[in-house]
Amino acid sequence: MPKIIANDDVLVINESSTIITRNKTINLEYQLSDGDYSILILNDYDDKVTLNEKGSISNSSVKIAYLELDRYDLEQNCHIEVNKDSSLQVNTTYLGTGNKKIVFDLFNNEPNSLIDINNNIVCLEDALFELECIGTIRKGAKRSKCHQSSHCLTIDNPRKASVLPVLNIDENDVEASHSLSSGTIDEEILFYMNSRGLNKKEALNLILRSYLMPNDNYYAEFDEGTLIQEMAVRKVDEICSM
Amino acid sequence: MVIIMNILEIKDLHVNVAEKEILKGVDLVVKQGEIHAIMGPNGNGKSTLLQTIMGHPSYTVTSGSITFNGEDVLQMSVDERSRKGLFLAMQYPKEIAGVTNSDFLRAAINSRLEKNISLFKFIKEMESNISKLKMKEDLAHRFVNDGFSGGEKKRNEILQMMMLHPSIAMLDEIDSGLDVDAIKLVSDAILELKEKSDLGLMIVSHYERFFTMIKPTHSHVIVDGRIVVEGDDELVYKIDNDGYDWLYDELKIQPVKESRPLVYSLGTCARNPRGKNA
């Protein structure tokens with residue numbers, strides 16, 4: 001799987017890739033067809049990044065994972081059209097610190113298209129975090145499915161943590177759902193963990209890992225799987241030592 | 001050779017929950033190797049006593065003391081109490097989605113060790129205990145209590161107790177939700193741990209069956225926030241046969257009636273099966 005260090009403004013991809021952002025503005029474009037694709041977008045730029053993404057998927061099964069664990073600002077606009085007999089699975093992991101504004105605009109364009117997006121977010125005290133996740137099933141996209149779920153954990157009263165799921169449905173014969181859970185750590189859970197000998201930081205560490213690394217196999221298919229896991233563990237340790 | 005005896009001492013303990021006094025002067029001493037049965041009608045302070053010893057933040061100690069081996073427990077944080085050797089198996093164990101049992105238990109074990117437990121030793125011990133409790137083999141990789149049945153949650157509490165090796169364990173209705181076979185398994189595991197480590201136990205239960213297996217050395221009945229009668233296992237059997245009424249008559253006391261919050265319906269716009277608005 002090629003690793004692309006995104007230094008260019010415009011990036012066109014046409015195969016499974018790992019994209020590591022190293023530029024202020026990246027315009028990512030792809031038209032994926034007739035295959036199975038896995039794309040990992042990992043933000044590793046030490047300053048504000050603007051990521052504009054425009055994709056279209058035909059006769060394909062595509063998985064995209066987004067990972068953003070840095071404290072720098074982020075503006076992300078993602079527009080993906082899913083065409084006939086295609087599926088798109090999106091997994092996002094965001095650490096909400098600084099200013100982050102993210103919009104996912106995902107379209108079931110044609111019949112038998114499937115979209116499934118899962119967002120995991122941890123918002124810290126200095127966060128101004130906004131995520132808008134819009135799924136649109138267009139007229140004629142019969143037997144399509146569009147599901148989204150988001151989990152947002154807030155720690156130490158972030159300045160703003162906003163997650164907005166939206167579904168626009170213009171066809172009858174479809175399946176669609178959205179779910180959102182948002183809140184801080186349950187005091188009873190904390191007591192339970194404390195009662196087993198874990199102090200507050202140790203308990204928080206375990207909970208944060210579960211948010212930022214929701215599944216051990218989540219990134220396993222990417223060469224960077226181990227690196228990502230180490231990054232997440234390091235980041236969690238850093239947060240918990242504050 | 002100096003033999004250290006683990007002793008939990010509770011003196012004249014008064015506890016409030018949301019401004020209401022629940023415990024009204026409890027005195028109790030639990031030593032290692034002893035098994036104390038704590039009985040009493042619902043809502044009279046049994047769970048409050050255990051939760052207070054463990055340090056639940058909703059319970060406020062207004063007077064009295066709790067010491068463990070001479071140290072002031074009330075000055076300790078919850079995690080410190082656990083690391084000192086106190087353990088509470090909860091009546092309603094919490095679910096922690098996303099955190100696996102093995103990660104949770106390893107972190108809990110490591111929190112009380114200077115050098116982390118080796119992965120090999122941990123897995124070996126966990127597998128052996130899972131097998132003793134006849135739990136599912138994939139337990140280590142499942143999230144803590146997430147999607148567990150009531151019985152599985154209770155067994156998981158006992159598993160945690162077996163892995164953490166406490167000095168004094170408090171079991172809050174650990175037998176509720178367990179079928180007859182599971183009660184036997186759990187009581188065998190508790191007794192084995194007691195034999196091995198001379199564990200001291202405080203057990204809240206409503207069922208004589210469990211106490212018959214565990215064989216308490218001491219028994220106490222809490223009514224209206226006070227221990228009103230104490231004895232040995234004979235008291236457990238008497239209460240199982242005769243209930244608490246004889247005690248109320250003899251001591252001229254009345255239990256606190258368990259209060260449940262009033263639930264008001266704001267109405268519904270749902271339709272009933274006959275097609276009329278409910």
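**Note on the predicted two-chain model**

1. L171(B) stands opposite I203(B) in strand β10 of chain B. The two strands concerned, β9 (residues 168–172) and β10 (residues 200–204) of chain B, run parallel and are joined by five bridges. Strands are DSSP runs (E, at least two residues) and helices likewise (H or I, at least four residues), numbered from the N terminus; two strands pair if DSSP finds at least two bridges between them.

2. This is a predicted model, in which local features need pLDDT of at least 70, side-chain atom pairs count only at pLDDT 80 or more, and totals for chains, interfaces and linings use all residues. Residues are numbered from 1 along each chain as its sequence is written, while chains are lettered from A and ligands numbered from 1 in the order in which they are written.

3. In chain B, six strands form an open sheet with mixed pairing, in the order β6-β9-β10-β3-β11-β12. Its edge strands, each pairing on one side only, are β6 (86–89) and β12 (226–231) of chain B. From one strand to the next, the twist averages 20 degrees. Angles run from 0 to 180 degrees between N-to-C directions, and axes are lines fitted to C-alpha atoms, for helices over the stretch in contact.

4. Which strands does α5(B) touch as it packs on the sheet? They are β6 and β9 of chain B, and the direction of α5(B) makes about 165 degrees with that of β6(B). Contact here requires C-beta atoms, placed from the backbone, within 7 Å.

5. The axes of helix α3 (residues 101–110) and helix α5 (residues 150–164) of chain B come within 10 Å and cross at roughly 35 degrees. L105(B), A108(B) and I109(B) of α3(B) make the contact with Q160(B), M163(B) and L164(B) of α5(B).

6. Chain A contains three helices and 13 strands. Its C-alpha trace spans about 55 × 40 × 30 Å along the principal axes. Of its 242 residues, 42% count as buried, that is, with 20 or more other C-beta atoms, placed from the backbone, within 10 Å of their own.

7. Strand β11 (residues 144–154) of chain A has eight of its eleven residues buried, so it is largely enclosed by the rest of the structure. On one hand, β11(A) pairs in the parallel sense with β9 (residues 114–123) of chain A over ten bridges, and N119(A) stands opposite S150(A). β11(A) also pairs in the parallel sense with β13 (residues 174–183) of chain A over ten bridges, where G183(A) is the bridge partner of L153(A).

Notes
Buried ≥ 20, exposed ≤ 12 C-beta atoms within 10 Å, placed from the backbone. Contact = placed C-beta atoms within 7 Å.
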